[in-house]
Amino acid sequence: MDNSMPSNLFVEFYEDALEIPFKSEQEGRPVYEQRVFVRIMVPGDATSIIETPATEQHKDEFRRKYEQFLKGQKDVIEGTPLVMWPVVNKSQIKECEFFEVRSVEQLADLSDSSCKRMGMGYMELRSKAKAWLLAAKDSALVTRQAADVERLTNEIEALKEQIVQLAAPKRGRPAKEAEEA
């Protein structure tokens with residue numbers, strides 16, 4: 001994706017009928033072809049919607065979304081879905097969905113103007129989303145470190161077991177020195 005474009009864009013590919021003016025004129029009636037379209041908007045900003053037939057550039061810039069569309073996957077939410085975040089209630093989720101804000105990450109990335117457009121309380125909700133994501137990031141580090149400690153402890157225990165086995169006297173044929181004595 002182009003670096004000048006925000007990373008939190010809502011992007012959706014869909015099929016729709018597109019009137020073909022030249023063919024319509026020739027036939028004397030409306031003639032349509034099924035085409036792939038793309039809808040792009042900044043979540044929270046209903047004035048920023050772009051809807052246009054999808055070009056190869058769109059398909060390349062938003063490759064993951066386009067591949068999801070080709071596989072028939074709809075509304076694939078990247079990040080933590082708002083419905084899974086205990087801080088918001090159902091009415092806030094519905095309001096956010098109206099503005100195509102579907103994840104905690106999208107909510108945290110909203111601009112001030114988008115929060116104002118969405119209504120009272122969304123600046124505070126955005127702050128809560130940012131704080132929650134930061135806390136989750138810190139928690140992920142602690143969880144990863146605990147898993148590393150557990151893995152290393154298990155490796156140490158396995159090595160101790162190997163040392164005990166190597167140090168134990170072997171049973172079976174006596175050593176050559178014992179035979180010569």
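A disulfide is a pair of cysteine sulfur atoms within 2.5 Å. I start with that cut-off, then turn to the chain. The model is a predicted one.

**Entry 1: cysteines**

I looked up Cys115 first. Its closest cysteine sulfur belongs to Cys96, at 9.2 Å, so the gap is too far for a bond. I checked from the other side too. For Cys96, the closest cysteine sulfur is in Cys115, again at 9.2 Å and too far for a bond. How many disulfides does the rule give? The count is zero. I also noted the surroundings of each cysteine. Cys96 is buried, at a relative accessible area of 0%. Cys115 is buried as well, at 1%.

**Entry 2: the chain as a whole**

Next I listed the elements. I found eight helices and three strands in the protein chain. Read from the N terminus, their order is β-α-β-β-α-α-α-α-α-α-α. The chain has 181 residues, and 26% of them are buried.

**Entry 3: aromatic rings**

I searched the whole structure for aromatic pairs and got six. One of them is Phe13 with Tyr66, an edge-to-face pair. Their ring centres are 5.1 Å apart, and the planes make an angle of 70°. Which elements hold the two residues? Phe13 sits in strand β1, residues 10-19, and Tyr66 in helix α3, residues 63-70. The pair therefore ties together parts 53 residues apart in sequence. Are the two residues buried or exposed? Both Phe13 and Tyr66 are buried. I also noted a cluster: Phe13, Tyr66 and Phe69 form one aromatic group.

**Entry 4: Gln106**

What does Gln106 touch, leaving aside neighbours within four places in sequence? I found Asn8, Leu9, Pro43, Glu100 and Val101. I then looked for polar atoms. A polar atom of the Gln106 side chain lies 2.7 Å from the backbone nitrogen of Arg102.

Key: Residues are numbered from 1 along each chain as its sequence is written. This is a predicted model: local features need pLDDT of at least 70, side-chain atom pairs count only at pLDDT 80 or more; totals for chains, interfaces and linings use all residues. Side-chain values use heavy atoms; hydrogens and water are left out. Buried means under 20% relative accessible area, exposed over 50%, partly exposed in between (1.4 Å probe, protein chains only). Contact means heavy atoms within 4.5 Å. A polar contact is a pair of N or O atoms within 3.5 Å; within protein, one must be able to donate a hydrogen and the other to accept it, and residues adjacent in sequence count only if both atoms are side-chain atoms. Rings of Phe, Tyr and Trp (its six-membered ring) pair if their centres lie within 6.5 Å; planes under 30 degrees apart count as stacked, over 60 as edge-to-face and the rest as tilted. Helices (H or I, at least four residues) and strands (E, at least two) are DSSP runs, numbered from the N terminus.
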